[in-house]
Amino acid sequence: MPPLPPALSPLPPWLVLAGLLGVINAAACFMLIGRHISRLAWYAVLGMIAASLGQVVGSAVQVPEPLKIGDVNVMAVSAGAWGVVLAARLRGL
């Protein structure tokens, strides 16, 4: 297995995975309700941040874990990403 790039080595693995799942969820949300392709990057950034926060909140509240990948609760990550991206879309993004 190749070593991680130096920029990613200080990050915990759950944070990297949550961020990737957030970008995937934000892209799916953009495909369903997005307007302009120029805003796709904003959706990805919001999804990445929201998914990471969703993981932290989901762990703190101890929400059910129907699907878990390592330490990442996929349900909490996806709900966080979709919730924030939908709220941003309703606010005009």
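In this predicted model, helix α1 and helix α3 (residues 74–90) pack with their axes 9 Å apart and at an angle of about 45°, where axes are lines fitted to C-alpha atoms, for helices over the stretch in contact, and angles run from 0 to 180 degrees between N-to-C directions. Helices (H or I, at least four residues) and strands (E, at least two) are DSSP runs, numbered from the N terminus. The two helices α1 and α3 are therefore oblique to each other, given that angles under 35 degrees count as roughly parallel, over 145 as roughly antiparallel, 65 to 115 as roughly perpendicular and the rest as oblique. The crossing in which α1 passes α3 is right-handed; a crossing is right-handed if the near helix is turned clockwise from the far one by less than a right angle, and left-handed if anticlockwise. On the α1 side, Ala18, Leu21, Gly22, Asn25, Ala26, Ala28, Cys29, Leu32 and Ile33 meet Val74, Val77, Ser78, Ala81, Trp82, Val85, Leu86 and Arg89 of α3, contact being defined as heavy atoms within 4.5 Å. The residues of this contact divide into 13 nonpolar, 3 polar and 1 charged, with Ala, Val, Leu, Ile, Met, Phe, Trp, Tyr, Cys and Pro counted as nonpolar, Asp, Glu, Lys and Arg as charged, and the others, Gly among them, as polar.

Helix α1 (residues 13–33) also packs against helix α2 (residues 40–61), their axes coming within 7 Å and crossing at roughly 135°; α1 and α2 are therefore oblique to each other, and α1 passes α2 in a right-handed crossing. From α1, Trp14, Leu15, Ala18, Gly19, Gly22, Val23, Ala26, Phe30 and Ile33 take part, and they meet Leu40, Tyr43, Ala44, Gly47, Met48, Ala51, Ser52, Gln55 and Val56 in α2. By class, this contact of α1 with α2 comprises 13 nonpolar, 5 polar and no charged residues.

Valine 23, placed in helix α1, is in contact with Ala44, Gly47 and Met48 when its neighbours within four places in sequence are left aside. Its C-alpha atom is separated by 8.2 Å from that of leucine 46, 23 residues apart along the chain. At 29% relative accessibility, valine 23 counts as partly exposed, a class lying between buried (under 20% relative accessible area) and exposed (over 50%), with a 1.4 Å probe and protein chains only.

The axes of α2 and α3 come within 7 Å and cross at roughly 135°, and these helices are therefore oblique to each other, α2 passing α3 in a right-handed crossing. Tyr43, Leu46, Gly47, Ala50, Ala51, Gly54, Gln55 and Gly58 of α2 make the contact with Ala76, Val77, Gly80, Ala81, Val84, Val85, Ala88 and Arg89 of α3. The contact of α2 with α3 has 10 nonpolar, 5 polar and 1 charged residues.

In the segment after α3, leucine 93 is found, touching Arg35, Arg39, Trp42, Tyr43, Leu46 and Ala88, residues up to four places away in sequence not being counted. The C-alpha atoms of leucine 93 and arginine 39, 54 residues apart along the chain, are separated by 7.3 Å.

The mean pLDDT (the predictor's confidence in each residue, from 0 to 100) is 86 for the protein, and 94% of its residues reach 70 or more. Confidence is lowest in strand β1 (residues 68–69), at a mean of 86, and highest in α3, at 91. Local features need pLDDT of at least 70 and side-chain atom pairs count only at pLDDT 80 or more, whereas totals for chains, interfaces and linings use all residues. Residues are numbered from 1 along each chain as its sequence is written, and side-chain values use heavy atoms, with hydrogens and water left out.
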